Amino acid sequence: MKLFNTTVLAIILIAAVSCKKYLDVVPDNTLKVEDIYDTKTDAWNALARAYNFIPRDDDTHLSTWTLGDEWLGRLDLNDNTGNLRAMRIMRGLQSQTAPQLGFWSGTEGGKPLYRGIRQTDVFLANIDKVRDMQEAEIKEWKAQVKMLKAYYMFLLVKHYGPIVIPDKMAQPESQPEELFLPRKKVEECFQYILGLINEAIPDLVERTDANNAGQIDQIVAKAIKAKVLFFRASPFFNGNREYFGDFMDTDGKPFFDVDYKQEKWKEALDATNEAIAIAEANGKRLYQYTREPYSYDRDAFAQNGDNMKTLYNLRMLVCDPWNEELVWGYSNLNYYDQGELAHATNIRLPAGYEGVVNTAAFSWQWLGASYQMAERYYTKNGLPIEEDQTFDKSIMHEIITTPGAAAPEYRPLSGIMQPGAQTIRLYMNREPRFYANLGITAGYWRAHIVRVNTMMFSGTDGGFNSSVNNTDYIATGIGVQKFVHPESQSGAWQRTIKFPYPLIRMADLYLMKAEALNEFSGPSGQVYEEINKVRRRAGVPDVQVVWADPSLCRSPGKHTSKEGLRDIILQERSIEFAFEGQYFWDMIRHKRAVTAFSLPIRGWTHTGTNASSFFVLQDKQARRFTITDCLWPIDLNEMNTNGKLIQNPGW
């Protein structure tokens, strides 16, 4: 493999550290590694570099979170190959000559994860040489780096299936047979990853202190282990004869485990229970907002307190920095530059509000939600719109006017929908996450330290405005405010609020437990309880209550079968983790991605100036996703360099 065919122990290591002693070279012009790992400061820099290979899922154009069907960027970016790389994959524009987000070798915006693995190997081989560190501290840093190596390998397995396992660190004198390695069977890859994790966990601190937030501790490590086993047990990797029964290694045996093994779900369940136990013991729990509401919402809290409390819990759970729900967050943020999902999604402050108005910096206003997402959220009864007997899909696009502020029926809408404003029935009587996450017509957008009355029509708040900018607009007419802190403003980095983007949070662990328990032993009160933890925080009724009520539900009893409950859990995950990069992988795990992601992305006519011209559905962007796209292609340059590599099917 090209990534191991380097002549020195990483020029990578040189660029990011001070230059002291780096003129001291050995006769063959390679650096002395002991000089790179001389002091604790040097080792700390090396540790930071090892963390630096975690993919930039906060970055709009490099994020994998825009895979799937939840997002749509402004349409004039469609053919710019350097932008919105995940959406290019969803449009069928992936290739082996220029793999988008190529994590194998770092192509087209992808982090070069094998280089990251190389970095971890160099660290582990040399950290013992540091002069001014205690043995316990060295062991703990080693454990962190072993976890990073395991995590990078897990990401590679997610994207590529069978991978190369670099179990020995390449040296300048290494022979070709040591450098150019074949891919291993998927189960062997999982076992190697789990071995690293199990080796690392005992040497980690149980919980890092606030000064080291974002570093891997036992809480994080056990959550990662649970996630690894969760994927290993899922149908894509467990008994996937349908897709990969004929994807053979050189020994004539399938790379994927084609025989389903039920006990893998038990291993995932046990690991998830351990992860939950240590997280809860250290104060991790579902987020609850405990501070005073913003001044613009005080009247709404007085009139509609319970609903507003739920709304704030949901609105702030991601963007409230380092809150109690976050198990592991991506903290390597660029504080001075723009480009995060938060910046691409935030609308500009319209004229007429107090603040920095109509400024594009840090408020791009062009990354929005698909119409598919507007339908995916539940009704107020906690049911999908097609399952709720009280929700009439035949009239859901009918234009209506919300009750006036003085009307008694407006009270439960106070702070959630604007009074006396035009909207459609689809936007009424939905669950609280719908209003907390989205920016909709006749709703509210909390940012810029104000509450914006979004209408989304052309020329109105949140809508297309050619007089301000005719290329930046939310093409679907549906915004995403989930990643926008209410105090973030435009114009300069000092006006924005930064937060770690969630890699794992408590809601994920609870729903992972529910799924693993259902897959292993079927529906039960315990499964319902794990789902209900998340639903209660979201302000919707318990799953077994609404799905058993024939007056509400069109398919009563669906929750009592394993297959039916699986669908319910997956939809719960799709809503709770909307826009967080989970839905795509859930569809991959359950072999539903090809069906789910081959439909065009739809949205409203964003140039419409009123309700009747705006609420006209359009196909905004064609999508094409096949079984071939479920595994990323290995870069052709890698294939040509290493003759032992077998390319993924279809590429």
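1. The lining of the largest cavity has, by class, 14 nonpolar, four polar and six charged residues; Ala, Val, Leu, Ile, Met, Phe, Trp, Tyr, Cys and Pro count as nonpolar, Asp, Glu, Lys and Arg as charged, and the others, Gly among them, as polar. A cavity is a set of points on a 1 Å grid over the protein atoms alone where a 1.4 Å probe fits but cannot get out, and lining residues have an atom within 4 Å of a point.

2. This is a predicted model, in which local features need pLDDT of at least 70 and side-chain atom pairs pLDDT 80 or more, while totals for chains, interfaces and linings use all residues. Residues are numbered from 1 along each chain as its sequence is written, and side-chain values use heavy atoms, without hydrogens and water.

3. The volume of the largest cavity is about 390 Å³, a volume being the space filled by probe spheres set on the grid points, which are joined across faces, edges and corners. Of its 24 lining residues, Asp57, Trp65, Tyr151, Lys158 and Leu503 lie nearest the centre. Helix α6 supplies the largest share of this lining, five residues; helices are DSSP runs of H or I with at least four residues, numbered from the N terminus.

4. The second largest cavity has a volume of about 70 Å³. Its lining includes Glu340, His343, Phe483 and His485.

Note on methods
1 Å grid on protein atoms, 1.4 Å probe; cavity = no way out; pocket = protein on both sides within 12 Å on 5 of 7 lines; lining within 4 Å. Helix = DSSP H or I, 4+ residues; strand = E, 2+ residues; numbered from the N terminus.
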